[in-house]
Number of protein chains: 2
Amino acid sequence: MRILYVEDEKYLADAVIHMLKKADIAVDWADDGEKGLDMSVSPIYDAIVLDIMLPKLSGLDILKAIRDRGIKTPVIMLSALAEVEDKIKGLTMGADDYLSKPFKTSELIARLNALNRRAPLQEETEIHFEDLCLNTSNRTLNGIPLTEKEADILEVLIKNPGIAQKKEYLLAKIWGSESIAEENYVEVYMSYLRKKMKTIKSRCSIKTIRNLGYKLVTKD
Amino acid sequence: MRILYVEDEKYLADAVIHMLKKADIAVDWADDGEKGLDMSVSPIYDAIVLDIMLPKLSGLDILKAIRDRGIKTPVIMLSALAEVEDKIKGLTMGADDYLSKPFKTSELIARLNALNRRAPLQEETEIHFEDLCLNTSNRTLNGIPLTEKEADILEVLIKNPGIAQKKEYLLAKIWGSESIAEENYVEVYMSYLRKKMKTIKSRCSIKTIRNLGYKLVTKD
DNA sequence: CAAAGCCTTAAGCTTTCTTTAAGCTTCAGA
DNA sequence: TCTGAAGCTTAAAGAAAGCTTAAGGCTTTG
């Protein structure tokens, strides 16, 4: 899971990001409202966490702007205790959840997991496509170990059956939108994944659609 | 989507064009008002982005000229902050939207998408004509794969049922008006498309209307 | 602090798609 | 019915995108 976190207090942000990473949640951080809005239009985020009091553009402004544009990414609002009224406003305007500051990071993690219907950590989690079984908790594919990036990529492919995933999108989603990652990375990992899918003799393979991306298909 | 961008500052134009391409928007660029007007009469554009301050002919002049000729292509005006009055003028004269300079490219993309009623997130992935189903998310026609150009051409045909599409128009729309593409390209791809439509045994076929273009029809 | 594992980088190779061109067919008007 | 223009079809050359491999570097772990 990758989220966007819009928060101007660097000290708080650092702490929260650190905890989220431990919970296996990748975070892109924006420290003002404008950057936040720019980044929030990207489809790579599974959720957006918005502080309300922000420089340049408030969290409520961002929420309104992205909903106006038809972007449906789940949003969690963060409000200081005094801003109770904003809380209600935020909710009615299309936020999916809210948290009062100060909050426990574990609470935030729980709500992010809830929004993405993801089981709490230690549990075994398996996702399937045809004869492929990706275990994301111990990072194995039908028993054989995958590296982190291999597993991340395969997870996106399995969760979006039939829809080609662009290299661009995978780079942003997995390497992070700020990174200067190259498209060749994706090609390299597709090669690794294909090799591993061959060693487990899967019925499935990764199909390339030129200029469009990759998707899982079953062999004929 | 293909747009015309009329802007004299090469440096800015390059940056914006780069971002638009990433958002899957094809751009033709004119660097002065005269070229801009010349190009803007073409029906291939889904939108025109007009800077106001331009050499030879201002953005407002262009807007007026094309509207006078009955051309209804959506127009977005770009105005420097000082030109607030022009903003209003531009709008009342028939522009569809405006943006103050400096602007964020993401904002421009959002407005272009809004003008073309295109959901920025999950685009419409299937379009239909009779028994034809073109899936643009994995680029298939009733299950069989198409190349990029094949899909681009078929998309135009399907989206304009009953209206013959000129070779000229298809060349400009798909290959770009600056390219030195030949009409034979279109003929070649029509041939490829016909072959594929035959292999899926479609009820439809591509009809040639001499000197006028191509359209989809159902066989009798 | 060394080893192992993973990620990044880059180069050369392969595949796929696009362009080009030539010869053929169809069509409309004289 | 003849003729030139328009359109069709193919195959091969060329360009672009993608694949694979291996080496080097970084991080993590024992």
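Me: Which residues does A:Thr73 touch, leaving out those up to four places away in sequence?

Reply: A:Thr73 touches A:Ser40, A:Tyr45, A:Ala47 and A:Ile48. Bear in mind that this is a predicted model. A:Thr73 sits in the loop between α3 (59-68) and β4 (75-80) of chain A.

Me: Why is A:Thr73 called buried?

Reply: A:Thr73 has 20 other C-beta atoms within 10 Å. The label needs 20 or more. Therefore A:Thr73 counts as buried.

Me: How far apart are A:Thr73 and A:Ser177 in sequence and in space?

Reply: A:Thr73 and A:Ser177 are 104 residues apart in sequence. Their C-alpha atoms are 16 Å apart.

Me: What makes B:Met19 partly exposed?

Reply: B:Met19 has 16 C-beta neighbours inside 10 Å. Buried takes 20 or more, and exposed takes 12 or fewer. The count of 16 falls in between, so B:Met19 is partly exposed.

Me: Where does B:Met19 lie, and what separates it from B:Thr105?

Reply: B:Met19 is in helix α1 (residues 10-22) of chain B. B:Thr105 is 86 residues away along the chain, yet the C-alpha atoms are separated by 6.9 Å.

Me: Why is B:Arg139 counted as buried?

Reply: B:Arg139 has 20 C-beta neighbours inside 10 Å. The cut-off is 20 or more, so B:Arg139 is buried. B:Arg139 belongs to the loop between β7 (132-135) and β8 (140-141) of chain B. Its phi is positive, about 55 degrees, although B:Arg139 is not a glycine.

Me: What makes B:Asn142 partly exposed?

Reply: B:Asn142 has 15 other C-beta atoms within 10 Å. That lies between the limits of 12 and 20, so B:Asn142 is partly exposed. B:Asn142 lies in the loop between β8 and β9 (144-145) of chain B. The phi of B:Asn142 is also positive, near 45 degrees, in a residue other than glycine.

Me: How do you know that α6(B) is roughly perpendicular to α8(B)?

Reply: Helix α6 (residues 148-159) of chain B packs against α8(B) at about 85 degrees, and the axes are 10 Å apart. Angles of 65 to 115 degrees count as roughly perpendicular. Therefore α6(B) and α8(B) get that label.

Me: Which residues meet where α6(B) packs on α8(B)?

Reply: From α6(B) come B:Lys149, B:Glu150, B:Ile153 and B:Leu154. From α8(B) come B:Tyr189, B:Tyr192 and B:Leu193. By class, this contact has five nonpolar, no polar and two charged residues.

Me: Which residues of α7(B) are buried, and in which helix numbering?

Reply: Helix α7 spans residues 167-175 of chain B, and B:Leu170, B:Ala172, B:Lys173 and B:Ile174 are buried there. The cover over them includes β1, α6 and α8 of chain B. B:Gly176 follows α7(B) with a positive phi, near 95 degrees.

Me: What covers the buried residues of α2(B)?

Reply: The cover includes β1 (2-6), β2 (26-30), β3 (47-51) and α3 (59-68) of chain B. The buried residues in α2 (residues 33-40) are B:Gly33, B:Gly36, B:Leu37, B:Met39 and B:Ser40.

Me: How many residues are in the largest nonpolar core, and which have the most contacts inside it?

Reply: The largest nonpolar core has 66 residues. Those with the most contacts inside it are A:Ile3, A:Val49, A:Leu50, B:Ile3, B:Val49 and B:Leu50. A second, separate core has 14 residues, including A:Leu134, A:Leu141, A:Val186 and A:Leu216.

Definitions and conventions:
Residues are numbered from 1 along each chain as its sequence is written. Chains are lettered from A and ligands numbered from 1 in the order in which they are written. This is a predicted model: local features need pLDDT of at least 70, side-chain atom pairs count only at pLDDT 80 or more; totals for chains, interfaces and linings use all residues. Helices (H or I, at least four residues) and strands (E, at least two) are DSSP runs, numbered from the N terminus. Axes are lines fitted to C-alpha atoms, for helices over the stretch in contact, and angles run from 0 to 180 degrees between N-to-C directions. Angles under 35 degrees count as roughly parallel, over 145 as roughly antiparallel, 65 to 115 as roughly perpendicular and the rest as oblique. Two residues are in contact if their C-beta atoms, placed from the backbone, lie within 7 Å. Ala, Val, Leu, Ile, Met, Phe, Trp, Tyr, Cys and Pro count as nonpolar, Asp, Glu, Lys and Arg as charged, and the others, Gly among them, as polar. A nonpolar core is a set of buried Ala, Val, Leu, Ile, Met, Phe, Trp, Tyr and Cys residues joined through C-beta atoms within 7 Å.
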